Amino acid sequence: NVEYGFARNLTACKSTGILVALTCVALCLVTLYHTIGLPLQELSFEALAKHPVLLAATGVELVILLCWIFLVNHDWVRVRGFAYAQRLFASCEQVS
C-alpha cells in the first residue's frame with residue numbers, strides 16, 4: 001500500500017519535480033560558470049577539476065532530473081498497483 005501511494009504521489013508531482021530539478025541544474029551550471037570565471041571557449045578539465053563539489057552537485061542533479069523524466073511514469077505506478085492488488089486479494093483469501 002505504501003509503495004503504491006508513494007508512486008501515485010510522485011507521478012502526480014512529476015511536472016513540479018522536473019521543473020525543480022531543471023532549476024537546480026541551471027543554478028549549478030551558472031554557479032560553476034561564475035566560480036570558474038573563464039569563457040566557455042577556454043574551459044578545460046583542469047579548470048573544472050578545481051571545483052569537485054560543484055561538479056558532483058551538478059552530476060547528482062542531472063541524475064535526479066533523468067530519474068524524474070524516465071523512471072517516474074504510469075507504468076511504474078501500474079506495477080506497484082498490481083502488486084498491491086495481489087497482496088490485497090491474498091489477504092482476503094486468508095481471512096475467509
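Reply: Glu-61 is buried (under 20% relative accessible area, with exposed meaning over 50% and partly exposed in between, for a 1.4 Å probe and protein chains only), yet Glu-61 has no salt bridge, and the nearest side chain of opposite charge, Lys-14, is 16 Å away. A salt bridge here is a side-chain nitrogen of Lys or Arg within 4 Å of a carboxyl oxygen of Asp or Glu, and Lys and Arg count as positive and Asp and Glu as negative, while His and the chain ends are not counted. This is a predicted model, in which local features need pLDDT of at least 70 and side-chain atom pairs count only at pLDDT 80 or more, whereas totals for chains, interfaces and linings use all residues. Residues are numbered from 1 along each chain as its sequence is written, and side-chain values use heavy atoms, with hydrogens and water left out.

Glu-61 sits in helix H4, residues 52–70, where helices are DSSP runs (H or I, at least four residues) numbered from the N terminus. Apart from neighbours within four places in sequence, Glu-61 is in contact (heavy atoms within 4.5 Å) with Ala-21, Cys-24, Val-25 and Cys-28.

As for the cysteines, the count of disulfides (pairs of cysteine sulfur atoms within 2.5 Å) is zero. Cys-13 is in no disulfide, and the nearest cysteine sulfur, that of Cys-24, is 15 Å away; Cys-13 is partly exposed, with a relative accessible area of 40%.

Note on methods
Helices (H or I, at least four residues) and strands (E, at least two) are DSSP runs, numbered from the N terminus.
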